[in-house]
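Open the model in the viewer and keep the selection panel at hand. The tour moves from one selection to the next.

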Amino acid sequence: MLEPVTQFKITEIELYNLRIIGEDVRIISKDNEFICYYPESFSFPKKANETVSLISDDKVYLDAWIEEGWDDEHKIISITKKSSSEILKVI
């Protein structure tokens, strides 16, 4: 028989982008704010182009999606569009 390891009230968590990730299971939600619910509880704001790529050794690794070639004035992607991902910061 399986034993529950944790439980949450649906009104106490952000259901949008709720996920289970990692080797050491973590329950997270990520939108404009990154929230970790389990096994420890912490949160921090993040930008729309940032995503948590890894949580390891008490560090949170963030990637940033970078678009080159976006034309802000015309709101279009130019011919020279390139995109990449880079480790932005470690918290």
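Start by selecting Ile-28, Phe-34, Cys-36, Phe-44, Val-52, Ile-55, Val-60 and Leu-62: these 8 residues make up the largest nonpolar core. Such a core is a set of buried Ala, Val, Leu, Ile, Met, Phe, Trp, Tyr and Cys residues joined through side-chain atoms within 4.5 Å. At least two residues of this core come from each of β3 (33-38), β5 (50-56) and β6 (59-71); strands are DSSP runs (E, at least two residues), numbered from the N terminus.

This is a predicted model: local features need pLDDT of at least 70, side-chain atom pairs count only at pLDDT 80 or more, and totals for chains, interfaces and linings use all residues. Residues are numbered from 1 along each chain as its sequence is written, and side-chain values use heavy atoms, with hydrogens and water left out.

Next, select Cys-36. Leaving aside residues up to four places away in sequence, Cys-36 touches Arg-26, Ile-27, Ile-28, Ser-41 and Phe-42 (contact means heavy atoms within 4.5 Å).

Now turn to the rings. The whole structure holds 3 aromatic pairs (ring centres of Phe, Tyr or Trp, its six-membered ring, within 6.5 Å; planes under 30 degrees apart are stacked, over 60 edge-to-face, the rest tilted). Select Phe-34 and Phe-42: this pair is tilted, at 6.0 Å centre to centre and 40 degrees between the planes. Phe-34 is buried at 0% relative accessibility, whereas Phe-42 is partly exposed at 25% (buried is under 20% relative accessible area, exposed over 50%, partly exposed in between; 1.4 Å probe, protein chains only).

Phe-34 and Phe-44 are stacked, with 5.1 Å between centres and 25 degrees between planes. Phe-34 lies in β3 and Phe-44 in β4 (residues 42-45), so the pair ties together parts 10 residues apart in sequence.

Finally, show Phe-34, Phe-42 and Phe-44 together: ring pairs link them into a cluster.

Definitions and conventions
Helix = DSSP H or I, 4+ residues; strand = E, 2+ residues; numbered from the N terminus.
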